[in-house]
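Here are my notes on the model, point by point. Please read them with the structure open.

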Amino acid sequence: MEIIRQTNRTVLLEEVNPEKLDLITLIGNVKGVESLDDEKIKEINEHLLVRDFQDFLDKFTPTIYSYYNAASQRIIYTLERPEGVPENNVSEIRLDQNNDFLKMLFTLIDTKKNQGRRNVDFKFENVLDMISPKKVMEDIKQVRKEINYLYEKYEKLEEEDPKKLKLGDKLNVKFEEASRNYNNVLGMLPLAIEDVKTRLLLGESQDEAEAEEVQIGMLTMGDEGELKIVEISKEEQEALPVSVDEERSAALVEIFEEDYEAITENPTPYVKDLVTRTFAPIAVTDSNVDVEREIANYNNYLEFYKQSKDNFVQTAKPLIEKILGVKMFFDQYQTDDNGMRPTLLVTNCKVDMMVKTNNKPRIDTYLNTVNGKNSFENTIWFGIFPAVEMDSVDRIETRRERFKGTDKDDMPPGNTLESLTAILDLAMKYKIQIFFNFQANEATTFNDIATKGMDKYLNKTEVLLRQNYSEFAIPCLPNFSVIPEDKSGVILDKKMVKSKDGGVALSQQREDILKLWLKGVYIDASYVAAGTVAAYQCPDYLDKNFKNVTNMFPGVRFDIESGDNALKIPTTLAKEITGFTNKIKNTINKNNFGFVFSSENAQMNGMTINRITVYKARSMAITEDGFDSIYKTLVSTYIERILRFQTSDFKQDKIIRFFSNNPNSQKSIWINNKGFVNSVLQTGDDISYEIDLDNNVCHLNIVFNGNIKNLEVNITKSTTAVG
């Protein structure tokens, strides 16, 4: 670990925010340049290297852009800032940890993990409800409660009291949170929807959702002792003594009114009243409500909210799935220790741009700089290449569409196999192992493999067999379902109608239930696979799960397929199905294909494993026994880099010393430390060399439990005799 301090830096070959700088732009012109200077590498790291999930959100600020189209009366959402639309007419929606949709997904993933329930048993609707107007309003009510609590304390203190000033700081933060949507009509719609319900359904029965006419009254006894409730006149209501709480609410109303007027570009009386009713409600019964108009407004709000939310989700979902993938990459490092934490270099550009003839030399020069030196601080070991296009099954042509069917054009374009092979060609040159997966949808999940097998993966990846780069290509499967397609419906609310007796009610008709279909949310398997392998490179991480770990070496030789290793370091994701059939598992074991995740029933030390685990960890390199284990390539790369460093670029005399029987030689150190789970050479392993002076080549023979892997390096001849 003294020479190579990290073996888990990973490059993400994805565009996240086109408004931010990308790797191609930062590298710049490389004509006549062999290597980038240190200042340039530092600049690239400042912009593109992230050390945890929050760092990723801070540096790349994933954003959806929106503007209003008056012609179609719709909100248009885009992943790129729309050109031709004035800047002050474009709204930015940040996809961060405060976004309601992302919060819902994070909560769902955590809840599934904590419950350990499979998809068929999990109550998705209980969590999906978080993005309904009702749940959005609950969050606002919490903000309102905190504002009232802080303001009550604030008012009781003397001016210039340090405690009061600190409370003022907290109130400013809360008001900023409350005012975030003053200028965002769409953001105010959940408030408006719930506001109308509150006022019109004041007497709402929880069972029947129907309201009767309400007149505020008081309980009295009549002349004969009978009980009755008599209406209080408006004058009597106004004459009632004002409580301290009402005084405080009235003061907050004035503050919110002033705040709204100051911040809003085009204030309207209705929205101003809506803001004050939401954040500082006062108990006033309005007898002049135009019920017909309010019902019409409510139903229009709900329809517009549903349509806009639907458009937003379908536009934002590909970006949201990338964000989830990055979170899952970092989440696999399940330890608080600050050891060899995985880092992620985000290229932030489309892969087809990277592999263009004019751009490929830039990437080549960058990789030569970070991977072609005897300084390993910025060396990239792994890559994530998600969303490779999978040919869909041909639809049976029909003369006419009698019933509404699935939209096969709904899937966004993915990365091509051609781009993948171009990247693999570079990856091979710089010894970067690429984790890739096919597009995440219902056809590439656990359910699909469990029912249909994995033949399509074998067929699709056949082009990657028996290539020079095969050992650096790692197909990851299946993809993970955050929300399965058939369980992704969200009930937003019901339309409002006038009941037969003149009251107001929420409709019980099926067609009046407004439901939003998310059409499934998935995580690309390559993020989780790369995150798992990057995590177990760290000895501190392994030490949390194994007894025999040494800090002398990284986890390059750790074989996750061996023994109970996979059960001891499961992923952070909950099981999805009851498992694969024996026939499917026999096929997987026969081929030993891919980086395969398992959702099997398993126990260890009497404890049930409720998380998804790794079943196979293989590359596309073919052997007599199927596909080769990924650790063999990683160990070979590690040994070659250590050898290059210690022999000053493969000097003949130093190579001989490297492999000598001297107790201090590197080979002796590895041989004498075989008893650890992360030993570079383990029981049954060996390493030897042969020098071919005629061709200036050194052949390295690395034996992994009887299987030999050959490496070849060009040596530098000694100027003195070697003895």
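**Notes on the model**

1. Start with Pro 386. Leaving out residues up to four places away in sequence, Pro 386 touches Leu 13, Glu 14, Asn 415, Asn 437, Asp 524, Ser 526 and Tyr 527. Contact here means heavy atoms within 4.5 Å. Pro 386 sits in strand β10 (residues 382–388). Helices (H or I, at least four residues) and strands (E, at least two) are DSSP runs, numbered from the N terminus. Pro 386 is buried, at 1% relative accessibility. Buried means under 20% relative accessible area, exposed over 50%, and partly exposed in between (1.4 Å probe, protein chains only). Its C-alpha is 9.7 Å from that of Leu 420, 34 residues away along the chain.

2. A word on the basis. This is a predicted model, in which local features need pLDDT of at least 70 and side-chain atom pairs count only at pLDDT 80 or more, while totals for chains, interfaces and linings use all residues. Residues are numbered from 1 along each chain as its sequence is written, and side-chain values use heavy atoms, with hydrogens and water left out.

3. Helix α15 (residues 417–429) contains Leu 420, one of its buried residues. The 13 residues of α15 reach 19 Å from first C-alpha to last, close to the 18 Å expected at 1.5 Å a residue. The expected span is 1.5 Å times one less than the number of residues. After α15 comes Lys 431, with a positive phi near 55°.

4. Which residues have the most contacts inside the largest nonpolar core? They are Tyr 366 and Phe 595, in a core of 198 residues. Helix α12 (residues 291–331) gives the most to this core, with 16 residues. A nonpolar core is a set of buried Ala, Val, Leu, Ile, Met, Phe, Trp, Tyr and Cys residues joined through side-chain atoms within 4.5 Å. Beyond four places in sequence, the contacts of Phe 595 include Phe 435, Ile 474, Cys 476, Val 533 and Ile 630.

5. Cysteines next. Cys 476 is buried at 4% relative accessible area, and Cys 538 is buried at 1%. The disulfide count is 0, where a disulfide is a pair of cysteine sulfur atoms within 2.5 Å.

6. Gln 6 lies in the segment before β1 (10–12). Gln 6 is buried, with a relative accessible area of 11%. A polar atom of its side chain lies 2.8 Å from the backbone oxygen of Thr 379. Apart from neighbours within four places in sequence, Gln 6 is in contact with Met 340, Phe 376, Glu 377, Asn 378, Thr 379 and Trp 381.

7. Why is strand β4 (residues 74–78) described as largely enclosed by the rest of the structure? Because 4 of its 5 residues are buried. Strand β3 (residues 63–69) runs antiparallel to β4, joined by 5 bridges. Two strands pair if DSSP finds at least two bridges between them. Tyr 65 stands opposite Thr 78 in β4. The two strands form a hairpin with 4 residues between them, and Gln 73 in the turn has a positive phi of about 55°.

Notes. Polar contact = N/O pair within 3.5 Å; in protein donor to acceptor, adjacent residues only side chain to side chain.
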